[in-house]
Amino acid sequence: MRQEEFAAGHPYLFLVSAAEGEHEGTPPADARRVDFRTAAGTPMRRLSATSTPPLNGSDDDIVTPLETVLALIKNRGNPFPDRISFGRAPNCDIVIRDPSISKLHGHFRDVTPVSATFTDAKSANGTLVNGKVIHPGVAVALKSRDTLVVGRVRLRLVTAVEIYRWL
């Protein structure tokens with residue numbers, strides 16, 4: 001399959017685990033696995049810790065969900081078709097089983113192949129976008145390569161073209 005075909009067949013962003021120290025080939029010493037699930041199934045592909053682009057800056061209390069790639073898509077049958085729910089509860093569209101993530105941490109909307117918006121749903125531990133705190137209820141524009149820290153979990157948004165190049 002060519003890159004253009006792959007991108008056309010996957011018209012949305014992906015959430016990729018992102019760790020400090022990835023460019024050095026090793027995750028941080030305190031990294032631990034976080035269980036990622038969606039009701040639709042398992043992650044699309046597992047990547048090595050060196051596969052995702054490095055982040056700038058650091059934060060010792062942020063954990064790393066190792067080797068995970070998830071499509072930013074809505075699960076069939078879930079309510080509220082205008083948003084993709086994100087949180088710890090099993091009925092969310094995207095589930096991250098980590099205690100620092102709220103049951104309903106937030107929502108993605110307006111997802112395109114290169115952008116989306118995220119709104120924190122008054123989560124207990126908050127959300128950072130590119131190192132800046134976002135306020136609950138305020139939609140924040142996201143684009144490919146942006147870093148999202150939800151609770152204590154660090155993620156990177158990437159396009160289908162970037163995923164294809166890693167494959």
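This briefing describes the sheet, the nonpolar cores, the aromatic pairs and the confidence of one predicted model. The chain averages a pLDDT of 78, and 71% of the residues score at least 70. An open sheet of 6 strands is present, with antiparallel pairing, and the largest nonpolar core holds 21 residues.

**Confidence along the chain**

- Residues 21–34 keep a pLDDT under 50, and for this stretch the model has 33 contacts beyond four places in sequence.
- Residues 36–65 also have a pLDDT below 50, and this stretch has 93 contacts in the model beyond near neighbours in sequence.
- Where pLDDT is low, the predicted coordinates should not be read in detail.

**The open sheet**

- The strand order in the sheet is S3-S1-S12-S11-S8-S9, and the pairing is antiparallel.
- Strand S3 (69–71) and strand S9 (132–133) stand at the edges with a single partner strand each, so one side of each has no neighbour in the sheet.
- Strand S1 (residues 14–17) is covered on both faces, since Phe14 and Val16 on one side and Leu15 and Ser17 on the other are all buried, which for each residue is a relative accessible area under 20%.
- S1 is joined to S3 by 3 bridges in the antiparallel sense, and S1 also pairs with strand S12 (residues 153–158) over 4 antiparallel bridges.
- Strand S8 (residues 127–129) and strand S11 (residues 147–150) run antiparallel and are joined by 3 bridges, with Leu128 having Val149 as its bridge partner in S11.

**Nonpolar cores**

- Within the largest nonpolar core, which has 21 residues, the members that touch the most other members are Leu15, Leu72, Phe86, Phe108 and Val150.
- Two or more residues of this core come from each of strand S4 (84–87), strand S5 (94–97), strand S7 (115–120), strand S10 (140–143), S11 and S12, and S12 gives the most, with 3 residues.
- Leaving aside residues up to four places away in sequence, Leu15 touches Thr68, Val69, Leu70, Leu72, Phe86, Ile94, Phe108, Leu155, Arg156 and Leu157.
- A second, separate core has 9 residues, including Val16, Ala71, Ala160 and Ile163.

**Aromatic pairs**

- The model has 5 aromatic pairs, and one of the pairs is formed by Phe6 and Tyr164, whose ring centres are 5.7 Å apart and whose planes stand at 50°, so the pair is tilted.
- Phe6 lies in helix H1 (residues 3–9) and Tyr164 in helix H2 (residues 160–166), so this pair ties together parts of the chain that are 158 residues apart in sequence.
- Phe6 is buried, at a relative accessible area of 6%, whereas Tyr164 is partly exposed, at 26%.
- Phe86, Phe108 and Phe118 are linked into a cluster through ring pairs, and Phe86 and Phe108 are also among the residues that touch the most other members of the largest nonpolar core.

**Ser85 in strand S4**

- Ser85 is found in strand S4, and with a relative accessibility of 11% this residue counts as buried.
- Apart from residues up to four places away in sequence, Ser85 touches Asn91, Cys92, Asp93, Ile94, Leu104, Gly106 and His107.

Terms used. Residues are numbered from 1 along each chain as its sequence is written. This is a predicted model: local features need pLDDT of at least 70, side-chain atom pairs count only at pLDDT 80 or more; totals for chains, interfaces and linings use all residues. Side-chain values use heavy atoms; hydrogens and water are left out. Rings of Phe, Tyr and Trp (its six-membered ring) pair if their centres lie within 6.5 Å; planes under 30 degrees apart count as stacked, over 60 as edge-to-face and the rest as tilted. Buried means under 20% relative accessible area, exposed over 50%, partly exposed in between (1.4 Å probe, protein chains only). Two strands pair if DSSP finds at least two bridges between them. pLDDT is the predictor's confidence in each residue, from 0 to 100. Contact means heavy atoms within 4.5 Å. A nonpolar core is a set of buried Ala, Val, Leu, Ile, Met, Phe, Trp, Tyr and Cys residues joined through side-chain atoms within 4.5 Å.
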